[in-house]
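Morning, everyone. I have a few minutes, so let me put the structure up and walk through it.

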Amino acid sequence: MARMIHKYDSTAQHLRMGRRHARLCDRVSGTKKFAAAIQPALDRLKEQEKIRKTAVEAKEDAYDDVIFCDVQLDNAIRTTFERVRQWDRDNNGRILDMIFPSHTYSDLVRMPLSKEPVEAAGLPKKLETLEEGHELRSLAAPLRQCIEASKAAWNVYQQATEQLKDLQTDEELAKAAVRQQYEHNYLDARKEYGVSVADGIFPKISRKPVVSSDEDPQIEDDKTEE
């Protein structure tokens, strides 16, 4: 019996087996109708794969932007900490106690990518409580700019992630349609022409399922230690 396509076979394997089956149908008299029956499902799956790959690239690009903005925010937090500490040293002040109560910035820059801009939002607010004209107030604007950029980048990444999940579902449905028609073609061919002819229009494939290797890798919402 011909090897059927399995649920856990990759999209590439679905398309490969479907293509080879359709080609063999064109070589055997009376079986071209089976190629015609499966071709629409193959075309749809090929299109869904193309759309999904584009979405994977969009998610990767969005993640790169998240990392870029996170580095900028980390540096802005470090600069703020260093400037405040220097001001305190030069002026015998205690502003660091208000801005960074723990006397460190590492707890902020090591937070998960999605949480850091939210937690860091308190820093410019604290800086803006200083009296008008205080030189440290100027640190608030660039810090807030980095925070907003990080939030925006993370939101785009989340949207790209959700869109990719939806497209992966569409691709799975398209794969199921190919599998179903592939099996129907075999059963119909066997019923009409017998096992020998039916087996002859399906490619000889290893019976071991080929697990998908082209799925989108999940990116964890964490950061390596500074």
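First, the ground rules. This is a predicted model, with local features needing pLDDT of at least 70, side-chain atom pairs counting only at pLDDT 80 or more, and totals for chains, interfaces and linings using all residues. Residues are numbered from 1 along each chain as its sequence is written, and side-chain values use heavy atoms, with hydrogens and water left out.

Start with the backbone. Asn 92 is not a glycine, yet its phi is positive, about 50°. Where is Asn 92 found? In the loop between helix H2 (32–91) and helix H3 (95–99). Helices here are DSSP runs of H or I, at least four residues, numbered from the N terminus. Asn 92 is exposed, at 74% relative accessible area. Exposed means over 50%, buried means under 20%, and partly exposed is in between, with a 1.4 Å probe and protein chains only.

His 103 also has a positive phi, about 60°, and is not a glycine either. His 103 sits in the loop between H3 and helix H4 (106–109). His 103 is partly exposed, at 44% relative accessibility.

Next, the glutamine. Gln 48 lies in helix H2. Is Gln 48 buried or exposed? Buried, because its relative accessibility is 14%. What does Gln 48 touch? Leaving out residues up to four places away in sequence, Gln 48 contacts Leu 167, Asp 170, Glu 171 and Ala 174. Contact means heavy atoms within 4.5 Å.

Now the surface charge. Patch residues have over 30% relative accessible area and no salt bridge, and like charges are joined within 9 Å. A salt bridge is a side-chain nitrogen of Lys or Arg within 4 Å of a carboxyl oxygen of Asp or Glu. Lys and Arg count as positive, Asp and Glu as negative; His and the chain ends are not counted.

The positive patch is built from Arg 16, Arg 19, Arg 20, Arg 23, Arg 27 and Lys 46. Which helix gives the most to the positive patch? Helix H1, residues 11–25, with 4 residues. Arg 16 lies in H1. With a relative accessible area of 38%, Arg 16 is partly exposed.

The negative patch brings together Glu 57, Glu 60, Asp 61, Asp 64 and Asp 65 on the surface. Glu 57 lies in helix H2. Its relative accessibility is 48%, so Glu 57 counts as partly exposed.

That is the tour. Over to you.

Note on methods. Helices (H or I, at least four residues) and strands (E, at least two) are DSSP runs, numbered from the N terminus. Patches are made of residues with over 30% relative accessible area and no salt bridge: like charges are joined within 9 Å, nonpolar side chains (Val, Leu, Ile, Met, Phe, Trp, Tyr) within 5 Å. Accessible areas come from the Shrake-Rupley method with a 1.4 Å probe; for residues, only the protein chains shown count as cover. The place of a charge is taken as NZ of Lys, CZ of Arg, CG of Asp or CD of Glu.
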